[in-house]
Amino acid sequence: MDRAGHPDRRVLLVGGLAAATVTLAGCSPTSAASSATSAPPQPPPTTPAAAFTRLMEGNKRWVSGNLRHPDRDPDRRQFVAEKQEPFGAILSCIDSRVPPELLFDTGLGDLYVMRTGGEAIGPVVTGSVEYGPMTSGTPLIVVLGHQRCGAIEAAYNSIRDGKPLPGNLEAIAKALRPAYEQSVRAGGADPVDAMARAQVTLTAADLRSNQDLAPLVKKGALAVVGAYYSLDTGKVEVLAGAPA
């Protein structure tokens with residue numbers, strides 16, 4: 001055997017493996033995934049109509065599965081670290097199946113999000129919804145109810161049967177009573193779903209006409225939209241207030 005030839009062969013083998021490793025590293029799944037994680041950033045829309053269009057386009061992508069995943073990478077995290085300019089404020093339910101950032105295909109720094117059981121509101125929640133429009137000119141508020149809402153159903157049964165819910169859950173039922181009363185007056189085959197929709201429209205109307213937000217709505221700087229999310233299809237249906 002020729003021992004003198006072995007080092008050359010080992011050098012060639014090690015060199016070839018190193019080159020292959022570098023090449024593969026450049027095409028690794030991690031690199032490919034990170035480059036496709038987020039779409040290029042877009043400037044935030046500044047009018048109610050443009051903000052509404054941005055949201056609904058995102059929901060169309062959610063329904064179709066053709067997602068862009070905008071504003072979800074480390075560059076975006078750094079960009080918004082010192083300052084945020086959300087173009088929408090969403091008041092939605094706590095339901096784990098209704099995450100606004102996902103179903104509107106938005107990302108970091110795009111939305112203010114408030115979540116309460118059945119979109120129940122009180123002074124602190126209302127103040128949280130008002131924060132964006134009143135401090136930074138956020139042009140859109142969306143009150144988002146949804147299909148098969150457990151909070152709405154629990155409140156409906158509690159009020160109908162005269163059996164208070166335990167603990168602070170009763171505060172949710174009390175906040176939802178106007179929607180219950182409207183659904184009872186309206187009747188229909190599915191009173192719980194009617195109550196969910198009534199809660200959306202009543203809450204959106206209250207926000208639209210409150211003393212602090214009404215002037216912004218009147219001059220066209222703000223729109224308050226009531227909407228309903230289908231768990232079955234992923235689609236957001238507009239119930240009231242869509243900007244022209």
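Start with helix H3, whose buried residues are Pro48, Ala51, Phe52, Arg54, Leu55, Met56, Gly58, Asn59 and Arg61. These buried residues pack against several elements: strand E1 (88-92), helix H5 (100-103), E2, E3, E4 and strand E5 (236-240). The model is a predicted one. H3 has 17 residues, and at 1.5 Å a residue they should span 24 Å. The end C-alpha atoms of H3 are 24 Å apart, which agrees. After H3 comes Gly65, with a positive phi near 85 degrees.

Now step back to the whole chain. It holds 11 helices and 5 strands. Of its 244 residues, 40% are buried. Take the contacts between residues at least 6 apart in sequence: 69% of them join residues at least 24 apart.

How far can the model be trusted? The average pLDDT of the chain is 89, and 84% of the residues score at least 70. Over residues 1-5 the pLDDT is below 50, and this stretch has 1 contact in the model beyond near neighbours in sequence. Residues 9-36 also have a pLDDT below 50, with 2 contacts beyond near neighbours in sequence. Where pLDDT is low, the predicted coordinates should not be read in detail.

Next, the core. Nonpolar side chains tend to be buried together in soluble globular proteins. Here the largest nonpolar core has 18 residues. Those with the most contacts inside it are Leu55, Phe104, Leu140, Val142, Leu144 and Val236. Helix H3 (48-64), strand E3 (140-146) and strand E4 (223-229) each supply at least two residues of this core. Look at Phe104 in particular. Leaving aside neighbours within four places in sequence, Phe104 is in contact with Leu55, Met56, Gly58, Asn59, Ile90, Leu144 and Val236. Leu55, Met56, Gly58 and Asn59 are among the buried residues of H3.

Rings come next. A search of the whole structure finds 2 aromatic pairs. One of them joins Tyr112 and Tyr131 edge-to-face, at 5.8 Å centre to centre and 85 degrees between the planes. Tyr112 lies in strand E2 (residues 111-115) and Tyr131 in helix H6 (residues 123-136), so the pair ties together parts that are 19 residues apart in sequence. Tyr112 counts as buried because its relative accessibility is 13%, under the 20% cut-off. Tyr131 has a relative accessible area of 45%, so this residue is partly exposed.

Two arginines also meet rings. The charged end of Arg54 sits over the ring of Phe87, 5.4 Å from its centre. Arg54 is one of the buried residues of H3. Arg197 lies over the face of Tyr228, at 3.9 Å from the ring centre.

Turn to helix H10 (residues 191-209). Its 19 residues should span 27 Å at 1.5 Å a residue. The end C-alpha atoms of H10 are 26 Å apart, which agrees. The buried residues of H10 are Val192, Asp193, Met195, Ala196, Ala198, Gln199, Val200, Thr203, Ala204 and Leu207.

Finish with a loop. Gly107 lies between H5 and E2. Is Gly107 buried or exposed? Gly107 is buried, because its relative accessible area is 12%. Leaving aside neighbours within four places in sequence, Gly107 is in contact with Pro70, Asp71 and Arg72. The C-alpha atoms of Gly107 and Arg68 are separated by 9.9 Å, and these two residues are 39 apart along the chain.

Notes:
Residues are numbered from 1 along each chain as its sequence is written. This is a predicted model: local features need pLDDT of at least 70, side-chain atom pairs count only at pLDDT 80 or more; totals for chains, interfaces and linings use all residues. Side-chain values use heavy atoms; hydrogens and water are left out. A nonpolar core is a set of buried Ala, Val, Leu, Ile, Met, Phe, Trp, Tyr and Cys residues joined through side-chain atoms within 4.5 Å. Buried means under 20% relative accessible area, exposed over 50%, partly exposed in between (1.4 Å probe, protein chains only). Helices (H or I, at least four residues) and strands (E, at least two) are DSSP runs, numbered from the N terminus. Contact means heavy atoms within 4.5 Å. Rings of Phe, Tyr and Trp (its six-membered ring) pair if their centres lie within 6.5 Å; planes under 30 degrees apart count as stacked, over 60 as edge-to-face and the rest as tilted. A charge sits over a ring if NZ of Lys or CZ of Arg is within 6 Å of the ring centre and within 35 degrees of the ring normal. The expected span of a helix is 1.5 Å times one less than its number of residues. pLDDT is the predictor's confidence in each residue, from 0 to 100.
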